[in-house]
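Subject: Structure handover

Hello,

Here is the structure for you to look over. My notes on what turned up follow below it.

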Amino acid sequence: MPIGVPKVPFRSPGEEDAAWVDIYNRLHRERLLFLGQELDSEISNQLVGLMVYLSIEDKTRDFFLFINSPGGWVIPGIGLYDTMQFVPPDVHTICMGLAASMGSFILVGGEITKRIAFPHARVMIHQPASSFYEAQAGEFVLEAEELLKLRETLTRVYVQRTGKPLWVVSEDMERDVFLSATEAQAHGIVDLVGDENMGDLV
């Protein structure tokens, strides 16, 4: 029997009695955010809205973004990445399970020195893909040009944030590259591999 989203008691500031709220709302109050699905416009907009709102509320407390995502759409991912750079608080990114494709792009976009992978997490990077088969010939050319621009943007970000040379990143983007947590650390995508003491960071 499905249990739905668990609820926990939470007392808002100034309120005498606690109210039951879903666990994610409670965790959001503690700056714990989650990307646990394919990245699309809806989840990107939700995370952007949360980051902006919570930054207005208190711009001194860091965010912790937990990622377990197979990837998703490029433009919503770039929008989320840009917001992470825009908001005043640092954004810790934490990979649990899988950060693939745009999921790894969001992972690498965390504050440098504050990007973490759980010990058994997996990371995958590759070039952006497109639905060419849906396009007519003229649209195909325009879409190919746009795809090349997006690839250059993503490659430039990986180079900047991993410290790896352009030729290394470009070569990796040619195919699906799967990395363990320690390999992702050596690659510069994360800074730390988590252990039993990692709970002290949150």
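In which strand is arginine 122 found? Arginine 122 sits in strand E7, residues 122–125. Before going further, please keep in mind that this is a predicted model.

**Arginine 122 and serine 180**

Arginine 122 is partly exposed, with a relative accessible area of 37%. Leaving out residues up to four places away in sequence, arginine 122 touches Cys95, Gly97, Leu98, Ala99, Phe178, Leu179 and Ser180. Take Ala99 from that list.

Ser180 belongs to strand E8, residues 177–180. Serine 180 is buried, at 18% relative accessible area. With residues up to four places away in sequence not counted, serine 180 touches Ala121 and Arg122.

**The chain overall**

The chain has seven helices and nine strands. Of its 202 residues, 40% are buried. Accessible surface comes to about 11,400 Å², and carbon and sulfur atoms account for 57% of that. Consider contacts between residues at least 6 apart in sequence: 67% of them join residues at least 24 apart.

**Helices H2 and H3**

How do H2 and H3 pack, and at what angle? Helix H2 (residues 41–57) and helix H3 (residues 74–86) meet at about 10°, with axes 9 Å apart. An angle under 35 degrees counts as roughly parallel, so H2 is roughly parallel to H3. H2 contributes Ser41, Ser44, Leu47, Val48, Met51 and Val52 to the contact. H3 contributes Pro76, Gly79, Leu80, Thr83 and Met84. By type, the residues of this contact are seven nonpolar, four polar and no charged.

Leucine 47 lies in helix H2 and is buried, with a relative accessible area of 3%. Beyond its neighbours within four places in sequence, leucine 47 is in contact with Leu33, Phe34, Leu35, Leu65 and Leu80. Leucine 47 and leucine 35 are twelve residues apart along the chain, and their C-alpha atoms are separated by 8.2 Å.

Met51 is the other one. Residues up to four places away in sequence aside, methionine 51 touches Leu33, Phe63, Leu65, Leu80, Thr83, Met84, Val87 and Val91.

**Nonpolar cores**

Which residues have the most contacts inside the largest nonpolar core? They are Leu35, Met51, Leu65, Phe105, Ile106, Leu107 and Ile189, in a core of 40 residues. Apart from it lies another core, of five residues, including Leu32, Phe66, Ile94 and Ile116. As background, nonpolar side chains in soluble globular proteins tend to be buried together.

**Two positive phi values**

Most residues other than glycine have a negative phi. Arginine 31 has a positive one, near 70°. Where is arginine 31 placed? It is in the loop between helix H1 (23–29) and strand E3 (32–35). Arginine 31 is buried, with a relative accessible area of 1%.

Serine 101 also has a positive phi, near 55°. Serine 101 is in the loop between strand E5 (91–100) and helix H4 (102–108). Is serine 101 buried or exposed? Serine 101 is buried, at 15% relative accessible area.

Over to you.

Best regards

Notes
Residues numbered from 1 in each chain as written. Predicted model: local features only at pLDDT ≥ 70, side-chain atom pairs only at ≥ 80, totals over all residues. Heavy atoms only, no water. Axes fitted to C-alpha atoms, helices over the stretch in contact; angles between N-to-C directions. Helix = DSSP H or I, 4+ residues; strand = E, 2+ residues; numbered from the N terminus. Parallel < 35°, antiparallel > 145°, perpendicular 65-115°, else oblique. Contact = heavy atoms within 4.5 Å. Nonpolar A, V, L, I, M, F, W, Y, C, P; charged D, E, K, R; others polar. Core = buried A, V, L, I, M, F, W, Y, C linked by side-chain atoms within 4.5 Å. Buried < 20%, exposed > 50% of the residue type's maximum accessible area, 1.4 Å probe, protein only. Areas by Shrake-Rupley, 256 points an atom, 1.4 Å probe, with all protein chains shown as cover.
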